[in-house]
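Hello,

Here is the structure I said I would pass on. Please have a look first; my notes follow below.

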Amino acid sequence: MKRYKVNISFLCALKRLGFIIFRGYKYVDEDGLASVMANRAIVEVVSEILAEKPYVYFDANRLRSLFRRTMLRKQGLIGTGDIARMFGRSYQWANNVARRKLNSVRIGKRRFIKMDEKFFEFIDNEMNAR
């Protein structure tokens, strides 16, 4: 069995996300842990979340939403809600902008914007217009 240097909060976070089976200090799904540790993206995202918010693994829903947002950001996608908050506008405005002016993709029922040249040009134009 290969040994990994991880702390308990990291294992609890992976358990809350549904990647491994973990019951206290006694049982860890070794195959599941090996496959998760082989996926560098998952390890980096979970480590980044726990570095910013160390006790977030107690709340599974909050942890899942942070994990989803961070993974999408790592893939170069940003939510329309983030754009709305950035400019102090409504979600409807952000969705219309995403559909009409920017490259966007729908994942589930949500719309995400690709962070490319078009996106950064739009941000610069909006900031200069204010």
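**Aromatic rings**

Phe-87 and Phe-122 are both buried, where buried means under 20% relative accessible area, exposed over 50% and partly exposed in between (1.4 Å probe, protein chains only). Before going on, note that this is a predicted model: local features need pLDDT of at least 70, side-chain atom pairs count only at pLDDT 80 or more, and totals for chains, interfaces and linings use all residues. Residues are numbered from 1 along each chain as its sequence is written, and side-chain values use heavy atoms, with hydrogens and water left out.

Phe-87 and Phe-122 form an edge-to-face aromatic pair, 6.2 Å centre to centre with 80° between the planes. The rule for pairs covers rings of Phe, Tyr and Trp (its six-membered ring) with centres within 6.5 Å; planes under 30 degrees apart count as stacked, over 60 as edge-to-face and the rest as tilted. This pair links distant parts of the chain: Phe-87 sits in helix H5 and Phe-122 in helix H7, 35 residues apart. Helices (H or I, at least four residues) and strands (E, at least two) are DSSP runs, numbered from the N terminus. Ring pairs also bring in Trp-93, giving a cluster of Phe-87, Trp-93 and Phe-122.

By this rule the count comes to 6 aromatic pairs. Another one joins Tyr-55 and Phe-58: the ring centres are 6.2 Å apart and the planes at 5°, so the pair is stacked. Tyr-55 and Phe-58 are both exposed.

**Nonpolar cores**

The largest nonpolar core has 23 residues. A core here is a set of buried Ala, Val, Leu, Ile, Met, Phe, Trp, Tyr and Cys residues joined through side-chain atoms within 4.5 Å. Leu-14, Val-46 and Phe-67 have the most contacts inside the largest core. Helix H1 (8–17), helix H2 (30–38), H3 and H4 are the elements that give two or more residues to this core.

What does Leu-14 touch, leaving aside its neighbours within four places in sequence? Its contacts (heavy atoms within 4.5 Å) are Phe-19, Ile-20, Leu-33, Val-36, Ile-42 and Val-46.

A second, separate core has 13 residues, among them Phe-87, Trp-93, Ala-98 and Phe-119.

**Salt bridges**

How many salt bridges does a search of the whole structure find? It finds 3. Each is a side-chain nitrogen of Lys or Arg within 4 Å of a carboxyl oxygen of Asp or Glu.

- Lys-74 bridges to Glu-44, with the closest N and O atoms 2.8 Å apart. Lys-74 lies in helix H4 (residues 60–74) and Glu-44 in helix H3 (residues 40–52), so the pair ties together parts that are 30 residues apart in sequence. Lys-74 is partly exposed at 46% relative accessibility. Glu-44 is partly exposed at 38%.
- Arg-73 bridges to Asp-82, with the closest N and O atoms 2.7 Å apart. Arg-73 is partly exposed at 37%, whereas Asp-82 is buried at 13%.
- Asp-82 also bridges to Arg-85, with the closest N and O atoms 3.0 Å apart. Both lie in helix H5 (residues 80–87), 3 residues apart, about one turn of the helix. Arg-85 is exposed at 54%.

Lys and Arg count as positive and Asp and Glu as negative; His and the chain ends are not counted.

Asp-116 is in the loop between strand E5 (110–114) and helix H7 (117–129). Asp-116 is buried yet has no salt bridge. Its nearest side chain of opposite charge is Lys-118, 6.8 Å away. A polar contact of 2.6 Å joins the side chains of Asp-116 and Asn-103. Such a contact is a pair of N or O atoms within 3.5 Å; within protein, one must be able to donate a hydrogen and the other to accept it, and residues adjacent in sequence count only if both atoms are side-chain atoms.

Arg-111 lies in strand E5. Arg-111 is also buried with no salt bridge. The nearest side chain of opposite charge, Asp-116, is 13 Å away. The side chain of Arg-111 makes a polar contact of 3.0 Å with the side chain of Ser-104.

Best wishes
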